[in-house]
Amino acid sequence: MYWSKTLIPTLKESPADAEIISHKLLIRAGLVRKLTGGLYTFLPMGLKVLRKVEKIVREEMNRAGAIEVFMPALQPPEIWQKSGRYEAASDVLFKVHDRARKEWVLGPTHEEVVTTLVAGEINSYKQLPKNFYQIQTKFRDEIRPRFGLMRAKEFIMKDAYSFDADDEGANNSYRAMYDAYVRIFRRCGLVALPVEADTGVMGGSFSHEFMVPAETGEDFMVYCEESGYAANLEKAVSGLKPDSTGPDEDRSALPTEEFPTPDVRTIEDLTKAPFDVPASHQIKTLVMMVDSKPAIILLRGDHQLNEAKAGSVLGSTVFRPAEPAEIIDLLGAKPGSLGAVGVSTVPVYADAILEGATGMVTGANRDGFHLRNVNIARDITVTRFADLRNVEEGEPCPQSGLPLKIRRSIEVGHVFKLGTKYSEKLGALFLDANGKQQPCIMGCYGIGVTRTLQAVIEQSNDKNGISWPVSIAPFEVCITALDVGDDNPVFQLARKIHAQLQDKGVDVILDDRDLRPGFKFKDSELVGFPLRIAVGEKGLAKGGVEFKPRDGELEIVDPEQIVDKTLTWLREHNTSLDRSMDQD
RNA sequence: CGGGGAGUAGCUCAGCUUGGUAGAGCGCCAGCUUUGGGAGCUGGAUGUCGCAGGUUCGAAUCCUGUCUCCCCGACCA
């Protein structure tokens, strides 16, 4: 490819609407252009990277035994009603109407379609297991598209769905996908770590997310380097014990006592003089509404509610904080003076840390008053103790006991063991060896292909631009011709090397633009080609052409040697060809 | 949806407070000079100042409404 023949609109300045580095570089390096919020056109360089990521994904999915299909993006709402997700996923569903005013949905994911397919085509255990995958555009009415390709209304996903006859088989399918994901991300030159994850609206029994550590990530992962424990904050647990709660001296025998706390509205207010109650000695009382029924959640004052965990205790992912009017109606006081002492008409769920806590302070359900010496076991009717809070940095690892760390991360892949939720609802049943009808045991597995592309940029860049891994670089090699006249020997040599590399199967671009050298060097670094071969008079005077890895040292190489040198270097630096991968 | 910010040339922005009829840099076109780290000079093209309405002799500027984009929160690959 000659640079002048394609379109690589690089920008010296960052676009005003890009905030994070990968988004800026995506635009500046001319990989994509925005049509409108959350919708992007892939330009030639962006598309080349995308296709290379897809190729790696395909190879690894095929290697893992998955079979490729292609399902409609436009789907009938009926199958969503059958699965029960028409309501549950209603927020993210794009809905369209045909000329007869019939409604359709644009697929945000394909459990319903693939399960419908299997319901029709798979009848016997002899046909199982099967794992179908596709690489396809997904549509999601995101509340807030963000950060370029990171969260878009339309994005490319690899989605796979496994169907097994028994639980052991389902676990094997899950494991095969998990392993494939490890390989895929490694081949893309990406550091992506599997962490335990919440199953959320997908339902199902367990799941892992693949996380790319990055300051700009929207998720938090909790991890311990010693034990290898790693989990999404939504799911993470710690080894923190209940006995660490409560004041130092034993106040368990003292009766509860009401005391005036005018103008105290928050946990923070109560930690200040004259009250001086540490947040860890307070009980935070939250009122949640589930299907218009109230429930009370108790946390230690210094802890934060984990909504995913709360959802599983409340038995619904759909709940909201109660309005002040509802709270007054229920407890007789405004937020700021709430407590669960003496409450018996609504369920009270307390964080497990509070079990056995004594000498605590909580609201008195009377505006401007709190209670001290609260002994949970004695004074509060707790329906159930459960893990309801976010783990905090420094708490003991549940496995090693060492302090946990937390970092931001980008979710690039997610594997779920689904169980029989969809197969039962959509009739994906088969006859087992005893002639008995059973629902398939399913798993589903997603990779955000476009997001992965941007995550690589987020992880591999410097002040000069992107630094692509060889495996997914738009071109592996950029030949920078420093003179471009057709009869100029410099240009003739550059063209010769370009042709020779192309013959050897190297993905190479020749920068044949009539521009000053500095401009072309900057561009090649911005776009991020892993290897640059500059052909110019100065280099030739020193004995050859300039061989310059994007992140390495410049070498002068004899033009006769440059092809071999390049092939060797590419082989050594292509994460996709890493032989160590075949040994695990 | 709640809170914050912004819409002016292809891009990055100034002008708006204090109304007087459109600017800079980059990019683009032409010419000359330059030619190893985003060149210099000269000349040139490019705008319904997001849109609609209002106030006014006169609106990019003031007022009202509306749309879009970006950031923070709830959702997710």
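Predicted model: local features only at pLDDT ≥ 70, side-chain atom pairs only at ≥ 80, totals over all residues.
Visitor: Which parts of the chain does the salt bridge between E68 and R58 tie together?
Guide: The closest N and O atoms of E68 and R58 are 3.0 Å apart. Because R58 belongs to helix 2 (residues 44–63) and E68 to strand 3 (residues 67–68), the pair joins parts that are ten residues apart in sequence, namely helix 2 and strand 3.

Visitor: How many residues apart in sequence are the parts that R146 and E218 tie together?
Guide: R146 forms a salt bridge with E218, and their closest N and O atoms are 2.9 Å apart. R146 sits in the loop between strand 7 (130–139) and strand 8 (154–164), whereas E218 sits in the loop between strand 10 (206–213) and strand 11 (219–223), so the parts that this pair ties together are separated in sequence by 72 residues.

Visitor: Is R300, the salt-bridge partner of D302, buried or exposed?
Guide: The closest N and O atoms of D302 and R300 are 2.8 Å apart, and D302 is partly exposed, with a relative accessible area of 26%. A residue counts as buried under 20% relative accessible area. Because its relative accessibility is 7%, R300 counts as buried.

Methods. Residues numbered from 1 in each chain as written. Chains lettered and ligands numbered in written order. Heavy atoms only, no water. Salt bridge = Lys/Arg side-chain N within 4 Å of Asp/Glu carboxyl O. Helix = DSSP H or I, 4+ residues; strand = E, 2+ residues; numbered from the N terminus. Buried < 20%, exposed > 50% of the residue type's maximum accessible area, 1.4 Å probe, protein only.
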